[in-house]
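Let's take a walk through this model together, one local feature at a time.

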Amino acid sequence: MYNNPNFSVGNPPTLQPLSEASLSNIRLIATDMDGTLTQRGKFSATVLQALEDLAAGGIKVLIVTGRSAGWISGLSQLMPVVGAIAENGGLFYPSGYDQPVTLTPIPDLEAHRQSLGVAFAELKTKFPQIQESADNRFRVTDWTFDVAALTLSELQILSNLCQEMGWGFTYSNVQCHIKPQGQDKAVGLLQVLREYLPEFSSEQVLTVGDSPNDESLFDQQHFSVSVGVANVLKYANQLEHQPTYMTKAAEGEGFCELCSYILPRGEI
């Protein structure tokens, strides 16, 4: 699956420009949040307007993020989206519903959190500099610590250690995640599409991301059209699965660029 990030180092691959994409059939955008919708860590007025324009144009948006349940329970209700998947495929928050849908079954939540805490403590014995993320107290399925100044080789070691303890591991431009094996964005998204959004065919879904925890969204076996905003190049040579296309602009500006190709002129 996608629990092992590919840490190979080499020349970044050449990704197709977005101008070569045929996007007329797209009806649902499943997008990462941090570094994809945000610009320097914030939602810009331009991105929020783009989300409104997509909704007005009949294009649905589903957020697929590594952020915590606590963060996403509010955002899913406040933003013009059909819902949000939190914790890299752990939970789904449908817009308009108070309670999340658990995508990763956890029979005993207290024992699960304790086991995650033990795993983090073990990692900390070997990497004493790692610090628990501020939002970890609001999480359900995974455990996070700040990616900070960890090197590529250190991330590889952390991944191996998690595997040895029976956990999965991934990271983004914000955090490292200790998570259940088999839990990732693609698995969660496919379940949500199958059980809650069956009206969308695979050809109508476009996935967007920018970092290693988005890698499964770039797997063409499941998602034929995927887009990386330009900052994905920072990680491109570490990814086994590459996005089909890439925007010229980075972060939220890249998402807005994508919107300009999807929405008819006059709607943006």
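Start with Glu 87, which is buried, with a relative accessible area of 0%. Since buried means under 20% relative accessible area, Glu 87 falls in that class because its value is 0%. Keep in mind throughout that this is a predicted model. Glu 87 sits in the loop between β4 (83-86) and β5. Its backbone is worth a look too: Glu 87 has a positive phi of about 55° although it is not a glycine. What is phi of Asn 88 near? For Asn 88, phi is near 55°, again a positive value in a residue other than glycine. Asn 88 is also found in the loop between β4 and β5, and with a relative accessible area of 1% Asn 88 is buried.

From that loop, move on to strand β5 (residues 91-94), where you will find Phe 92. A search of the whole structure finds four aromatic pairs, and Phe 92 belongs to a tilted one: the ring centres of Phe 92 and Tyr 196 are 5.5 Å apart and their planes are at 50°, so the pair is tilted. The reasoning rests on the angle, because planes under 30 degrees apart count as stacked, over 60 as edge-to-face and the rest as tilted. Tyr 196 lies in the loop between α5 (185-195) and β10 (205-209), and the pair links distant parts of the chain, 104 residues apart. Are the two partners buried or partly exposed? Phe 92 is buried, at a relative accessible area of 2%, while Tyr 196 counts as partly exposed at 37% relative accessibility.

A second pair is made by Tyr 171 and Tyr 235, and this one is edge-to-face, with 6.2 Å centre to centre and 70° between the planes. Tyr 171 lies in strand β8 (residues 167-171) and Tyr 235 in the loop between β11 (225-228) and β12 (245-246), so this pair ties together parts that are 64 residues apart in sequence. Tyr 171 counts as buried at 2% relative accessibility, and Tyr 235 is buried with a relative accessible area of 7%. Elsewhere, Phe 120, Trp 143 and Phe 145 form one aromatic cluster. Another ring to pick out is that of Trp 71: Arg 67 lies over its face, at 3.9 Å from the ring centre.

How many cavities of 30 Å³ or more does the structure hold? There are two cavities of 30 Å³ or more, and Arg 67 is one of the residues lining the second largest cavity. About 70 Å³ of space lies in this second largest cavity. Its lining also includes Asp 32, Asp 34, Thr 65, Gly 66, Ser 172, Asn 173, Val 174, Gln 175, His 177 and Asn 213. By class, the lining divides into one nonpolar, seven polar and three charged residues. Why does the second largest cavity lie between domain 1 (24-103 + 183-262) and domain 2 (109-179)? Both domains give residues to its lining, so the cavity lies between them.

Gln 175 of that lining brings us to strand β9 (residues 175-180), which also holds Pro 180. Pro 180 is buried, with a relative accessible area of 13%. Pro 180 and Pro 243 are 63 residues apart in sequence, and their C-alpha atoms are 25 Å apart in space. Leu 197, in the loop between α5 and β10, is buried at a relative accessible area of 10%.

His 241 lies in the loop between β11 and β12 and counts as buried at 17% relative accessibility. The C-alpha atoms of His 241 and Phe 169 are separated by 17 Å, and the two residues are 72 residues apart along the chain. Cys 256, in helix α6 (residues 251-262), counts as buried at 17% relative accessibility. Cys 256 and Leu 23 are 233 residues apart in sequence, and 14 Å apart in space, C-alpha to C-alpha.

Definitions and conventions: Residues numbered from 1 in each chain as written. Predicted model: local features only at pLDDT ≥ 70, side-chain atom pairs only at ≥ 80, totals over all residues. Heavy atoms only, no water. 1 Å grid on protein atoms, 1.4 Å probe; cavity = no way out; pocket = protein on both sides within 12 Å on 5 of 7 lines; lining within 4 Å. Points joined across faces, edges and corners; volume = space filled by probe spheres on them. Nonpolar A, V, L, I, M, F, W, Y, C, P; charged D, E, K, R; others polar. Domains from an automatic or database assignment. Phe/Tyr/Trp six-rings, centres within 6.5 Å; stacked < 30°, edge-to-face > 60°. Helix = DSSP H or I, 4+ residues; strand = E, 2+ residues; numbered from the N terminus. Buried < 20%, exposed > 50% of the residue type's maximum accessible area, 1.4 Å probe, protein only. Lys NZ or Arg CZ within 6 Å of the ring centre and 35° of its normal.
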